[in-house]
Amino acid sequence: MMRTGITAGLLFVLAHFAMLIGVTAPEKFYFDEVHYVPAARQMLEPVMREPMLNPMHPPLAKQFIALSIHSLGDGPLGWRYPAVLFGSLAVVAVYLCGLALFAAQSPAIAASLVAFFNQMLFVQSRIAMLDIFALAFGLFAIAAFMHGFRRERPHLWFALAGIGFGLSVGCKWSGLFALAVCIAIVAVIRLMQSWRTHFADAGPEDWYRPDLWPGFKAWHFAVCFVLVPAVVYLATFIPLYGLAVSDILQAQRRIFSDNTTSAIAGHTYMSSWPSWPFLVRPVWYLFDKIDEDHIAAVVFLGNPLILWPALIAVAICLRDWIVTRRVDAFLILAFYFGPYLAWALLPRTLGFIYYYLPAATTASLALVYALKRGGMPGWVLWAYVAIGFAGFAAMLPISAAFIGTSMATFSRLMIFQNWI
């Protein structure tokens, strides 16, 4: 336990330091900061004026931004520091997921580093948007669920997962996707148990066992995955509305309406969900000309040296789940495909590759799983981590605005025309 705490602390400090460097550049709003920072500022007013800004998302992440503005000032550091903090926590959460899956320090640390070098997490941790908050809470909830999955009494772990999911949804409704995955997993397992299903060649690493969670009753399920998340989620509205139930319910109707209405207007960087794993269309958060030959740029693309091989790793997990029924492969697949394919079910036509962030982060676990299976030497995993770092370093000129880059470097990094 002490070793886990020390490692988690070190990962947090290192990630926090790396993400904080140059975070105040640019010193103006960029991309969707124009929506969320004014909404956070509004929360600091003595009396909330109407109309409420950015009512289409829950308030928790914006409350964190508002608290930072109040503490650190209404400037770039105040706007973006909460994202740095929660991005660092997300790295720790991936480490905890790795511990739950692999029961070893080395692959868990490797998974957290691969997630950091993915580039998506780094970029999203340096901008005042909501996604990194939902991701961090969701990853901690997933880690708790994974830790509880193989235990005879998972009650506490599942309740902790419920708290995490409630907080994640309180930042952005996309946090519901991973919660739905947990509900589906538990419901399917309980259904199979009610049918007295068993595997002829059952083993301890099977994702399903007839004796799984013998003391976990239906009311435990309802408390952990319905009541606790709902209470935690609704509590995030109390700072805005107090205990005015009608106002809180009206806020839910407004969020539902805004997030289920099919968007008609297009966007320069919009993309459809089937294209996200292939990095077909990035989102340029910032593109400012410094002079005739230099630019300051921030692109949300993802590290091709990580996310393209991750597709092979996901296929390996799928093969192992089907052929050998491995529980670790099953959990990785569930939390990769669940938050990703959920976007295919929504009526919205306006999509962006940063919606792929939760699945892309889970993909780091798939990569580590694939690289440690079959008795593969440990150095192979760490050699791949080094390759991931090389890709991350090569992309830094278009990942951090304070670095800046030349047009020649920009042209080299933009391998495909549709990346521009």
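The structure is a predicted model, in which local features need pLDDT of at least 70, side-chain atom pairs count only at pLDDT 80 or more, and totals for chains, interfaces and linings use all residues. Residues are numbered from 1 along each chain as its sequence is written, and side-chain values use heavy atoms, with hydrogens and water left out.

**Exercise 1.** Determine whether Gln193 is buried or exposed, and state which backbone oxygens its side chain reaches.

*Solution.* Step 1: Locate the residue. Gln193 belongs to helix α9, residues 176–194 (a helix is a DSSP run of H or I with at least four residues, numbered from the N terminus).

Step 1: Consider accessibility. The relative accessibility of Gln193 is 16%, so the residue counts as buried (under 20% relative accessible area, with a 1.4 Å probe and protein chains only; exposed is over 50%).

Step 2: Examine the side chain. It reaches the backbone oxygen of Arg209 at 3.2 Å, and one of its polar atoms lies 3.0 Å from the backbone oxygen of Leu212.

**Exercise 2.** Describe the sheet and the pairing of β1 with β2.

*Solution.* The open sheet has three strands in the order β1-β2-β3, paired antiparallel (strands are DSSP runs of E with at least two residues; two strands pair if DSSP finds at least two bridges between them).

Step 1: Identify the edges. β1 (283–289) and β3 (405–406) are the edge strands, each pairing on one side only.

Step 2: Inspect the pair. β1 and β2 (residues 294–300) are joined by six bridges, and Leu286 is opposite Val298 in β2.

Conventions: Polar contact = N/O pair within 3.5 Å; in protein donor to acceptor, adjacent residues only side chain to side chain.
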